[in-house]
Amino acid sequence: MKLLREILFPLLAVLAAFVIGGVVVLLIGDSPFQTYLLLIGSAFSWPDGIGYTLFYATPLIFTGLAVAVAFRCGLLNIGAEGQLYMGAFAAAWIGIKFAGLSGWILLPACCLAAIAAGAIWGGIPGLLKARFGSHEVINTIMLNFVAVALVSYFTQYHYKTPGDPILQTTPIGPGAHIARLGKFIPALPERIPLNVAFILAIIACVLVYVLLWKTKWGYEIRATGANPTAAEYGGISIRKQIILAMAISGGLAGMVGINEVLGYRYRYYDGFSANYGFVGIAVALLGRNHPFGVFLSAILFAILLRGGIFVDAYTVHVSKDIVDMLQGIVIILVALRPDAIFSGLKKVGVMKKAVSS
Amino acid sequence: MRQILTLSLLFSTIRLATPLVLAALGGLYSERSGVINIALEGLLLAGAFTAASVTYYAESPWVGLGAAMVAGALVAYIIALACIRFRADQVVTGTGINILFIGLPAVLSGALFLSSGSTPQIPKENLLPTLSGLLPGFIPQWRILSEVSVISLLALVIVLVTRYVLYRTPFGLRLRAVGENPEAADAAGVGVNRIRYAAVIMSGVLAGIGGAYLSIGQSSLFTRNMAAGRGFIALAALIFGKWRPVQTMLACLLFGLADALTIQMQGVAKLPSGEDIPVQFIQMIPYVVTIIVLAGFIGQSRSPRALGTPYEKER
């Protein structure tokens, strides 16, 4: 039963979303098979398909982990989007301010800045919840907008190259660049932006696993999420756990900036995120809020992101927006409770025949 | 400052607040019954896309408006089904709906109109009329009011009706009871989930009207993601307005004013030092205000007690 819930149910949710999406594709006059072949098949070519898919997966692993850690503490972090913007801008800011420094100092400083900025931006709603009891969902949504406006302001008014029509900062110092994986893998051309941040994402998965299941901190976070009242009786300070979990969550989201700024564009580019923060919710839910599951579902969503480009180019009617649509459906389906589905379907009458026969 | 504080600012405030009021009131029904409605953004988008598409084919804004209400109700029914019958997490479901309706309208408009995410332009005579357009010659002396959309007036009426329904009718009493204390309401013979279904669907209808206003009232076509966060602002206004109809409307007007100022101050207003006031700071105001209100610095805003918890009858 546990296996069913942890593995089979997410798979069924994805399958069901694909079936619903396929019906939509059919209705608007394209072939579902061709669409899904493009959508999924495009990710498996070497080197572009696999390289780009893993590159797209990197931010999703970070945001998926971010949402998962908060979830384990009973919190819903809808603010990964804002946290990753703060992280990305902070990384760029250090990279620009101290552009002349040696990479040995500058690179770690930029990475830490990304994590710290994200952690602060995530910690604020944690603090507000712990101190005033205000709901983290609303506060994280509000802080998303504030973050977007804030970094856009700094980019536009203080860090843009004068005359540049694009809303982006001046480049960061070369010392802050993270190597692309093509440097180490001979068959992978360096034009593919897959970079060391992907390795960091894998390490983050392991660290989150160790944190949550092998340390006292993680135990207290999970205890708070599982049953706050019992945790408090057990001597755990719930307030502290809420702030801690939100800060860790925000820090993980901020790490998206390492991939984006230090590994890909080498500057802050305004509005770069393709809803990574929100897709992270789907990634976490589909991955059952487990680091290993997060990794797998991030890869799945990255495959869709990559395939979307080809769907756009090679089908008549269907556009890459089908990816957003599928993501939305997956989120709704994995939000349903398995036990409620069976009893619910029985009530609707769908299951009546199956049950009686 | 004098160039900013004009009558046109007032109208632009009303114009910008209208979709907020409709969405926020939709949220009010749902949340007063105990169901969080994060999906207002998606509902606005569903309404906006449906209104524009249907108006394009039917060549009548009223048919488009009706279709938007139906679309909103249908999407809200899906939310209700997921959250009430299948006891899905309400916030997660809402987030899913929001993402779904970034993608779905774009996919459909690609298929229907071979465009990337927007519907064709709708001629002006097929848009939702202003008051002067609805009643030509009736209010010439009220020039000032004549440019206000019928939907803005409708929104005001809905606020007053909602206030009446909520506090003066048996349905309103049940709605509030279900959101505050579903066990007691159930014991008193109120069908908790039935009321919640009605409330969530109502929120879809109202947000659908708000969406229609966006695409065929304020604008003349649907564009990708055209709600642009208004659903979330509406949610903020609902909290700021303490889940009460009139206060919520006032909060929407305040946020509409912030929006109107953003537009009017661009390049006009200067800081004492002579620099432009960055628009980003004005854009932030509603969100920062909401955070402060939630933290209780400007009076407490207490949510309905059963907000967010699915109700299960004890066996």
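In this predicted model, helices α3(A) and α11(A) run roughly antiparallel to each other, because their axes cross at roughly 150° and an angle over 145 degrees counts as roughly antiparallel. The two helices belong to chain A, which has 16 helices and zero strands. Chain A also touches chain B: 44 residues of chain A are in contact with 41 residues of chain B.

**Helix pair α3(A) and α11(A)**

- Helix α3 of chain A covers residues 48-72, and helix α11 of chain A covers residues 256-265.
- The axes of these two helices come within 8 Å.
- On the α3(A) side, the contact is made by A:Thr58, A:Pro59, A:Phe62 and A:Thr63.
- On the α11(A) side, A:Val256, A:Asn259 and A:Glu260 make the contact.
- By class, the residues of this contact comprise three nonpolar, three polar and one charged.

- A:Ile199 sits in helix α7 of chain A, which spans residues 196-214.
- A:Ile199 has 14 other C-beta atoms within 10 Å and is therefore partly exposed, since that class lies between the limits of 12 or fewer for exposed and 20 or more for buried.

**Chain A as a whole**

- Chain A has a radius of gyration of 21 Å, close to the 21 Å given by the globule rule for 357 residues, so chain A is as compact as a globular protein of that length.
- The C-alpha trace of chain A spans about 75 × 60 × 35 Å along its principal axes.
- Of the 357 residues in chain A, 55% are buried.
- Of the contacts in chain A between residues at least 6 apart in sequence, 76% join residues at least 24 apart.

**Side of chain B that touches chain A**

- The contact between the chains involves 41 residues of chain B.
- Four helices of chain B each supply at least two residues of this side: α3 (61-85), α4 (90-113), α11 (230-240) and α13 (279-294).
- Helix α4(B) contributes the largest share, 16 residues.
- This side of chain B has 26 nonpolar, 12 polar and three charged residues.

Technical notes: Residues are numbered from 1 along each chain as its sequence is written. Chains are lettered from A and ligands numbered from 1 in the order in which they are written. This is a predicted model: local features need pLDDT of at least 70, side-chain atom pairs count only at pLDDT 80 or more; totals for chains, interfaces and linings use all residues. Two residues are in contact if their C-beta atoms, placed from the backbone, lie within 7 Å. Ala, Val, Leu, Ile, Met, Phe, Trp, Tyr, Cys and Pro count as nonpolar, Asp, Glu, Lys and Arg as charged, and the others, Gly among them, as polar. Axes are lines fitted to C-alpha atoms, for helices over the stretch in contact, and angles run from 0 to 180 degrees between N-to-C directions. Angles under 35 degrees count as roughly parallel, over 145 as roughly antiparallel, 65 to 115 as roughly perpendicular and the rest as oblique. The radius of gyration is taken over C-alpha atoms; the globule rule is 2.2 Å times the number of residues to the power 0.38.
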